[in-house]
Number of protein chains: 4
Amino acid sequence: MAGDSIGRLFRITNWGESHGKAIGIVVEGCPSLIELSEKDIQKELDRRKPGQSRLTTARAEDDKVEILSGVFNGKTTGAPISMMIRNKDYNKKDYAKLSKVFRPSHADFTYFQKYRTRDAFGGGRSSARLTAGNVAAGAIAKKVLRKIEIVAYVKKINNITAEVDVEKVKAKDVESTIVRCPDSIAAARMIKLVEETKKSGDSVGGVVECVIRNVPPGLGEPLFDKLSADLAKAMMSINATKGFEIGSGFSCAEMLGSKHNDEFVMKNKKIVTKTNNSGGIQGGITNGMLVVFRVAFKPTPTISKRQKTVSTDGKVAFVEGTGRHDPCVLPRAVPVVEAMTAIVLCDHYLRSKAMKNED
Amino acid sequence: MAGDSIGRLFRITNWGESHGKAIGIVVEGCPSLIELSEKDIQKELDRRKPGQSRLTTARAEDDKVEILSGVFNGKTTGAPISMMIRNKDYNKKDYAKLSKVFRPSHADFTYFQKYRTRDAFGGGRSSARLTAGNVAAGAIAKKVLRKIEIVAYVKKINNITAEVDVEKVKAKDVESTIVRCPDSIAAARMIKLVEETKKSGDSVGGVVECVIRNVPPGLGEPLFDKLSADLAKAMMSINATKGFEIGSGFSCAEMLGSKHNDEFVMKNKKIVTKTNNSGGIQGGITNGMLVVFRVAFKPTPTISKRQKTVSTDGKVAFVEGTGRHDPCVLPRAVPVVEAMTAIVLCDHYLRSKAMKNED
Amino acid sequence: MAGDSIGRLFRITNWGESHGKAIGIVVEGCPSLIELSEKDIQKELDRRKPGQSRLTTARAEDDKVEILSGVFNGKTTGAPISMMIRNKDYNKKDYAKLSKVFRPSHADFTYFQKYRTRDAFGGGRSSARLTAGNVAAGAIAKKVLRKIEIVAYVKKINNITAEVDVEKVKAKDVESTIVRCPDSIAAARMIKLVEETKKSGDSVGGVVECVIRNVPPGLGEPLFDKLSADLAKAMMSINATKGFEIGSGFSCAEMLGSKHNDEFVMKNKKIVTKTNNSGGIQGGITNGMLVVFRVAFKPTPTISKRQKTVSTDGKVAFVEGTGRHDPCVLPRAVPVVEAMTAIVLCDHYLRSKAMKNED
Amino acid sequence: MAGDSIGRLFRITNWGESHGKAIGIVVEGCPSLIELSEKDIQKELDRRKPGQSRLTTARAEDDKVEILSGVFNGKTTGAPISMMIRNKDYNKKDYAKLSKVFRPSHADFTYFQKYRTRDAFGGGRSSARLTAGNVAAGAIAKKVLRKIEIVAYVKKINNITAEVDVEKVKAKDVESTIVRCPDSIAAARMIKLVEETKKSGDSVGGVVECVIRNVPPGLGEPLFDKLSADLAKAMMSINATKGFEIGSGFSCAEMLGSKHNDEFVMKNKKIVTKTNNSGGIQGGITNGMLVVFRVAFKPTPTISKRQKTVSTDGKVAFVEGTGRHDPCVLPRAVPVVEAMTAIVLCDHYLRSKAMKNED
C-alpha cells in the first residue's frame, strides 16, 4: 500500500513530483454546501510559496491553484475536490549533475534503494514542494472546522527562542514578520541569523509551535487513533521534521507527578484544568482546553558549502547547492503545520459526528 | 471509525477493559508457516506484567495468554490469530469511589465527554493494562521480522540520564536491571530515585530510547506513511507519552546544516553514513543504518498524595491513590515500546514485499 | 492485508476455525449507550445454530455467546465489543481421513495453494461455522439501526419458488416454517424436497430474498461504495453464494427502458416511485423505497454420495460425507443474510451521519 | 468516508463530474519500473469513448488522457500516477431544463436527498462518464498483471444470447463487431435490435460476461475479501448494473450437489477440475481454472420517449431525451468491466505477494 493518502473520513491523496508537469491533491469527504473558491485556497498557498521573502528560495513558482471538481455554484457538492498546481520554473540543468550523486541527508539514496529508480529532478517525489497540495487541502479543512482556530508560528530558530503567550497569539501576529514569529524582538534576531547563515552557505533548524483554540471536547479515537497520535504522524510526515511533543513534551521527563498533573477546577460552570501540561489532550481525547504542540525541523540539507558524498556508482563525489534553496525551512513550514493540523482535526471532527450517540 | 486497530497489512485489533472479563487482541496478516506457541507470547508479556519487581504496582495479574485461533500444529496458518488474557485481580471496591470523580491527568473526564458514559473501574478502556494485548501482538511481529533486532531501554528517569552505546546495547543488558536501563551505574541511581519517589507518594517520568538493527533499506511509504511518521503515531498511542523524536531529534534545532548532514561514505562495499543524525531514516524510508528514536513518558498520574479535583457533578473533590500503581511507568513501558515498534516494522516489511518490482 | 474485517465505521473482525478452541468477532464503531445483552445476541445465533431442525446438520453446538468487552451496566460504552463462542462438539476423527484429500467444490485445495498449509478439521477457517460471529455482530447492528427492518427468507429451493409480498412479509412469517419460507404452500413442498434429497444422499441449492424497510434516503457512497456494491460484496462473502441481484436483477436484461424506468410520483406529500425495479437504490444511494435483493446459494458441496477426487499427493481418491451436514444451506443462511445486511447498513448509516452537512 | 477510492494496495481515487472542467484518477500502489505511456492508456479509453460507432451517443469527446505524475523516462517510479481528461463537449443548455426535474431511474433524486445539492449537468458525479477514469487505471493494472488475460464481451442483449467458448474467446474476436459480441451471428442480430430500439426512442439492457485466464491459484483473502466478493463489489459499482454472478451463478439454485460439484482430476501433473461451476474461485480463492462471471446491465434510463416524472418542487413534470445517449450501454461497458476486473485482480495480486510465506 502506497502512503500517499491520509485520513479516514476526511481523506487527502497527494500526487506529483517537484519537477513534473504538475502537483495536486484530491480531497474526499468534504461535506456538501460549504462555500469554497480558489481564493480560499490561494491565500494559504501564498503563505507557503517560494520566493515570498528574502529568507526563502528564489525558485519562481506562483503556485496558482485550479479547482477541477467537487464545487458547483460556489459550494461544495460532497464529491471529491481535485486541485492542481502546474509546475513552471524548473531548471532541469541545475539538477542534471545531481542525478549521479546521493545528496547527504536527502532522500536520494533511500528512494533509489526502495524503487530501484528515482526522479532525480529537484528531489522528485521527496521534495517539500509536495506539501503545497497539503496546504491546499488544509484550506478546505479549515473551512469545515469553522470556529476552530489553528495558529502555528516559529517558536525557535537555532538558539533563539521566542516568548509567546499561547492564550493570546493570533494569526496576524504571526504574519507580521517574514520569519513568522509573533515575538517581534526574537523575530528580528532570527531574521538576522538566517541571513547570516545564508551568507555563510549554511542552514539552520528550529521549532514550530502550534495552538488550537475552541476545540470541542471528545475528539480523538483511542486506542490507536488518539488525536495526539494522529497529530504526531501528520507532523512527522512533513519533510525535515525530527521530533514532536505535546503539552509538557519532553520536559515531562523531569517533572514529578504532583507537579505535572493538571488539576480540574470549575470555571464559568465548565470543568477546566488549572494548568495544561496535558496540552489539551487526555487519554488521546481533547478535553476542551487549548491544544498545544511543537515540531522540530532540521536545518535544510541543501547548503551552498561544498560537501563530500558518494556517487550512484559508489565513488567519492562532491555536491554544493546552487543557491536556490531556503537556508531555514521554518517560516514556510508554518502554513504546512497548520494545514496538516486542520486535516487531522477535520477527520476527527467528522469521525466524532458519526459516533455521536443519539440519546 | 473507532481507532482500535492499527496497521495496513499486519493489523492488530485491541479490545477489553482494565476490569472487564478479559482483554485481548486479534492479529491479522501474519504470514503462514511461522512457528508460534503461547510460550513465545508469554515471555514478552512477563516483561510487561504487573508485580514483576518492587518498582511496579502490586496488582496481581499473572497475565496468562491463550491463543484461540490461527495456529495449527504449532505453526501459523495465515488465519487471524486471536489471543485472550482473562482479568483476575480486580478490586472493584478500590475504584467504586473513583467513579464519582475525574482524576487529574487521567482520561476519566475526556472519555465521559466523548461517550457520555464510562467504565470507571481501573480506567476501563483508557487503562495502560490494554497495552498487554499489543505486547502479545508484538511478540508475533518479532517472529515475522526474524533477524531484525529491536532493543528498547530506559534512557532517562527524571534528571538521571544513562550512557548507552546504541551500536552495542543488547536485550540482555536491558534485562539485567529491574529498571531496564543497560547503564548499571545510572540504573542504580534510577532505582533509588523511584523508590524514594514512591515513598514520598509521588511519581516520576522519563525517556525510553529504542534501537533497531539489521533493518533492510527501503522500508517506509512516503508521503504520509513514512516509517518515522508511523513510528511516531504508534509511540504516541502508548499511554502517558508526551513526545517522540528520531535521530538528532529536538537537538537538530540548534545545529547547522553542515554539521547535521550525514555524509555518505563507502564501507565494506556498502554505502553508509558517517554520522547518523537521520536516525536511520531519510525521506521517511530506512537507509540501512541503525534506527534510533526516543519517547518521553510523563510521571504516572496516579499518586498517593491527596489531590484536589472535581466530581462528576461539578463539585470540589479529592482523590488519593491506594498504592496499587507504578510510581514510574518506564520499566514496564520498555516492552510496550518494543512491541509497537515491531508491529509498525512488520507492517512496513510486508508492504515493501508487496510493492517490490520484479525486474 | 488479510480480509477478516469488513466495514469502515462500523467494523467487524472475524476470527476462529471450525474445530479450533473458539470462534469470535470484534465489533468496532458501535456508538455508546445502546442497551445490549447476551440475550440480544443469542436469539439471532439460535436462528443460525446447527441442529435446530430436522433439515440441518446434527452437529451439536449450542453456540452460547459470551460478551467479553464493550458493555458496562447493560449499555455499550463506545469501546470495541468482543464476543466469543467456544467450540464444543468436534469429532476430529470424522475429519482425520479428510486431511489427505481435496474435497470437491470445497476450499481445501485453494487454502492449501494459498497458505501451503491448512487446518483440515471441518474446513478450518473456510467453514460456514464462521458466519456465527457475523450473526452476533449483525445482532448489534440491528440494535443500532432501530426502526430499520430487515427481513430475509427463502425465495426458492431448486425448482420451487415462493410467492411473497415484499411490502407485507414479516419476520414472524419467515420463522413460522423450519425452512424459513413465508409462503406456507411452497414451504411444505420445499421441506419435502429437502428431506428427500437428504435421503438420496444429495443436496440442493436455492435463492434467499431480502427486504429492507424504513431505510432513510441518502445511504450509500458513490462512486465505489454504492450501497448496492457493498451489499453485493457482503453477500458474496457468505459461504456458498454464487450470485447477487438487486431490484429487477438479471431480468432487467430483457426489459425495455420505457418499461424498466421507475416513474416518480407524489404520495402523501413524499416523492416515491410507482414501480421499484431499482430495488430502492438509484446511483448507489437509497431513495427511501423498499430495498429488495436476492442471493443465490449453491447446493451444499458435502454430500453423502461417494465422489471421486484427488488426494493431496495427486492420487485418485474418494470421499463421502458422514451425514453431519446440511442437505440445503438455505434455511440457516437466512439469518446470515440478514446479519450481513445489517452490518453494511449500519456502516453506511454512520457514514451518512458523519457527512451530513449542517446547513 | 466518501467512497471515491477502491483497493487496498493497488488503489484508485476517482474524481470529476460529467460537465465539470475535467475528470481524472489517481493510481496509488503501482510498482516501479513498469513501462508506461499515454498510448497504453489511450487505447483502452478509445474503446470506451463516446461517438465510437453508430450504436453510441453522439457526444463528441475525444477523451485524450494526460499523465501528470508517477512516470519518469517512460517507466513508473512507484509514485502515484495522476491522470486527467479535460471535458470538452458539454452542451449545458441541453441539461439546464433538466435541473428542475428528477429523471426516472437516474440518480438525480438520490443525490439531492443525500447532499441537499447536485451538479445537475449531465448527471454530474453520477454520470457513467466517470468510468473513463477507471478505464485509465485499469490499463495500468493490466500492465502490472502481465500474463493474466482478461476478456469481457456482450453475452446477451434483450432476448438475444451469444454462444461463446470461454476457453477460446480472444480480445480480437470481441473487437471485431461494434457491439463487442464475439458470436458474429448473434452480434448482427444485436446490432439490428439496438438500432431499431434507438429508432423507437427506447433502450435495451443485457449481460456482459468476463473471462480471466492464467490466474495464479491463491488470489483472494477470506473471510470478507474473497476474490468473488471484491469482483461483485467492483462490478456493482459500475453504473446501470443490477446483478452479478460467478460460475454457475443463479442457475446453481436448480442443480443438485452431485451435479454441481467440480471433480478434481490430474491433468499434465496439475490438479484441475473437470467442470467449472465454481467459476475458478473456491472459498473465495482462485484455484487456477478460468474465472468466469457475468454482470447484468439495465436498459439506459435516458430514452427519447416522453416520460412522466416529478419536478424538484414536487409537481408533475415530463422529460424526454435529446438523442445524445446510448440506446444500449453494453458495448461501451465491456472495457469498463475489464478495467474494474484488472483493478481488483491487481490489488489481490499485490496482496498475495505481501503475504507469501518464505519457507
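Predicted model: local features only at pLDDT ≥ 70, side-chain atom pairs only at ≥ 80, totals over all residues.
Helix axes here are lines fitted to C-alpha atoms over the stretch in contact, and the angle between two of them runs from 0 to 180 degrees between N-to-C directions. In chain C, helix α1 (residues 38–48) and helix α4 (residues 131–145) have axes that come within 9 Å and cross at roughly 135°. Angles over 145 degrees would count as roughly antiparallel and 65 to 115 as roughly perpendicular; α1(C) and α4(C) are therefore oblique to each other. Their crossing is right-handed. On the α1(C) side, the residues that take part are Asp40(C), Ile41(C), Glu44(C), Leu45(C) and Arg48(C), and they meet Thr131(C), Ala132(C), Val135(C), Ala136(C), Gly138(C), Ala139(C) and Lys143(C) of α4(C). Sorted by class, that contact comes to six nonpolar, two polar and four charged residues.

Chain D has its own α1 and α4 to look at. Helix α1 (residues 38–48) of chain D packs on helix α4 (residues 131–145) of chain D at an angle of about 135°, and the axes are 9 Å apart. That makes α1(D) and α4(D) oblique to each other too, and α1(D) passes α4(D) in a right-handed crossing. Here Asp40(D), Ile41(D), Glu44(D), Leu45(D) and Arg48(D) from α1(D) meet Thr131(D), Ala132(D), Val135(D), Ala136(D), Gly138(D), Ala139(D) and Lys143(D) from α4(D). The class count for the contact of α1(D) with α4(D) is six nonpolar, two polar and four charged residues.

Still in chain D, three strands make up an open sheet, lined up in the order β8-β18-β19 with antiparallel pairing. The edge positions go to β8 (101–102) and β19 (316–319) of chain D; each has a single partner strand, so one side of each is left without a neighbour in the sheet. Strand β18 (residues 307–311) of chain D pairs with β19(D) through four bridges, in the antiparallel sense. Within the sheet, Val310(D) sits opposite Val316(D) of β19(D).

Turning to how the chains meet, the contact between chains A and B draws on 90 residues from chain A and 91 residues from chain B. On the side of chain A that touches chain B, helix α7 (residues 227–236) of chain A gives the most, with six residues. That side of chain A holds 35 nonpolar, 34 polar and 21 charged residues. Strands join up across the two chains as well: β12 (residues 241–246) of chain A and β12 (residues 241–246) of chain B run antiparallel, joined by three bridges. Glu245(A) stands opposite Gly243(B) of β12(B).

Key
Residues numbered from 1 in each chain as written. Chains lettered and ligands numbered in written order. Pairing = 2+ DSSP bridges. Contact = placed C-beta atoms within 7 Å. Nonpolar A, V, L, I, M, F, W, Y, C, P; charged D, E, K, R; others polar. Parallel < 35°, antiparallel > 145°, perpendicular 65-115°, else oblique. Left-handed = near helix turned anticlockwise from the far one by under 90°.
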